[in-house]
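Dear colleague,

I am handing over the structure below, and I would be grateful if you could look through it before reading my notes. The notes follow directly after it.

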Amino acid sequence: MDIYQQVTDSIVSAIEKGVGDFKMPWHRGGGEIPLNIISGNNYQGINILTLWVEGQARGFGSSTWGTYRQWAEAGCQVRKGEKASTIMFYKQFTEEAKEGEDGEEKTRRIMRSYAVFNGDQVEGYSDPELLEVSEMERLEHVELAIKATGANIKSGGTKACYIPSTDTVLMPDERKFFGDDNKRTEAYYSVLWHEIGHWSGHKSRLDREMTNKFGDDKYAMEELIAELTSAYCCAQLSISPSPREDHAQYIASWLDVLKKDKKAIFYASARAQEAVNYLLH
């Protein structure tokens with residue numbers, strides 16, 4: 001039995017037994033209330049949502065924000081060319097009654113906008129939580145295999161994704177992956193090979209359809225292909241002793257989109273084998 005069939009059967013068996021819900025194996029941005037670098041206070045109201053959306057859309061991993069001047073005050077420098085995010089504050093003031101009016105003071109509010117930058121956009125700042133996490137163990141033979149693919153990989157932030165327009169793989173900072181040392185290493189490489197799996201489908205390589213809309217059947221199929229590619233690569237490179245539970249959970253979530261079509265995994269398996277042959281041979 002070849003390794004691809006063995007891994008596929010293992011995942012199918014896990015799905016049939018029930019695998020639960022998939023969860024990202026890293027601490028994601030957006031779960032913490034954004035705070036200001038100088039005051040240390042949390043932002044309020046609509047600014048929380050605004051900064052969450054900005055952080056998620058742009059892949060920021062820090063929950064700390066500040067204006068250009070505030071970052072300078074903190075001894076940090078906003079990098080040249082960084083784009084600011086806009087937040088709104090209402091300033092309240094009291095206006096004395098004008099002559100001829102009832103003599104009561106009036107309270108008014110005016111709205112002001114401020115340009116703020118995330119901690120990931122400045123030099124000289126690191127979130128304290130990241131400094132407390134030990135370095136992830138790197139596997140030399142896996143690093144060499146990744147390098148040999150030629151994929152353009154950028155690390156940092158909270159996102160794991162492949163961007164076809166720039167042909168770039170984005171990965172969360174390795175320090176954000178959780179679990180013990182072995183699980184962190186397995187989870188990191190599993191996610192990275194998933195995104196490299198997408199990378200293999202670029203029109204200049206295996207030429208798969210990469211312009212699908214999130215949630216549709218074609219998008220779901222590409223996700224199956226990428227996740228099986230990850231499972232196969234991890235098996236070939238002996239990253240983990242058996243397919244990770246994450247693989248089955250992730251694949252099960254997309255099979256649900258495909259209306260419980262269990263045969264879809266075998267079509268995706270064939271495409272994933274092509275991807276692994278391209279990436280590792």
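Which residues does I251 touch, if residues up to four places away in sequence are not counted? Before I answer, please note that this is a predicted model, in which local features need pLDDT of at least 70 and side-chain atom pairs count only at pLDDT 80 or more, while totals for chains, interfaces and linings use all residues. Residues are numbered from 1 along each chain as its sequence is written, and side-chain values use heavy atoms, with hydrogens and water left out.

With those neighbours set aside, I251 touches I11, I15, L224, E227, L228 and I265, where contact means heavy atoms within 4.5 Å.

On the chain as a whole, the protein has 9 helices and 9 strands, which are DSSP runs numbered from the N terminus (helices are H or I with at least four residues, strands are E with at least two). Of its 281 residues, 43% are buried; buried means under 20% relative accessible area, exposed means over 50%, and partly exposed lies in between, with a 1.4 Å probe and protein chains only. Among the contacts with a separation of 6 or more, 71% join residues 24 or more positions apart.

Turning to a pair of helices, α1 (residues 3–17) and α7 (residues 217–236) pack at an angle of about 120 degrees, with their axes 10 Å apart. The axes are lines fitted to C-alpha atoms, for helices over the stretch in contact, and the angles run from 0 to 180 degrees between N-to-C directions. That angle makes α1 oblique to α7, given that angles under 35 degrees count as roughly parallel, over 145 as roughly antiparallel, 65 to 115 as roughly perpendicular and the rest as oblique. The residues that make the contact are I3, Y4, V7, T8 and I11 of α1 and L228, A231, Y232, A235 and Q236 of α7.

Helix α9 holds S269, which is buried with a relative accessible area of 6%. Leaving aside its neighbours within four places in sequence, S269 is in contact with T8, L228 and Y232.

Two loop residues deserve a look. D207, in the loop between α6 and α7, has a positive phi of about 55 degrees although it is not a glycine, and it counts as exposed at 52% relative accessibility. S238, in the loop between α7 and α8, has a positive phi of about 55 degrees and is not a glycine either; S238 counts as exposed at 57% relative accessibility.
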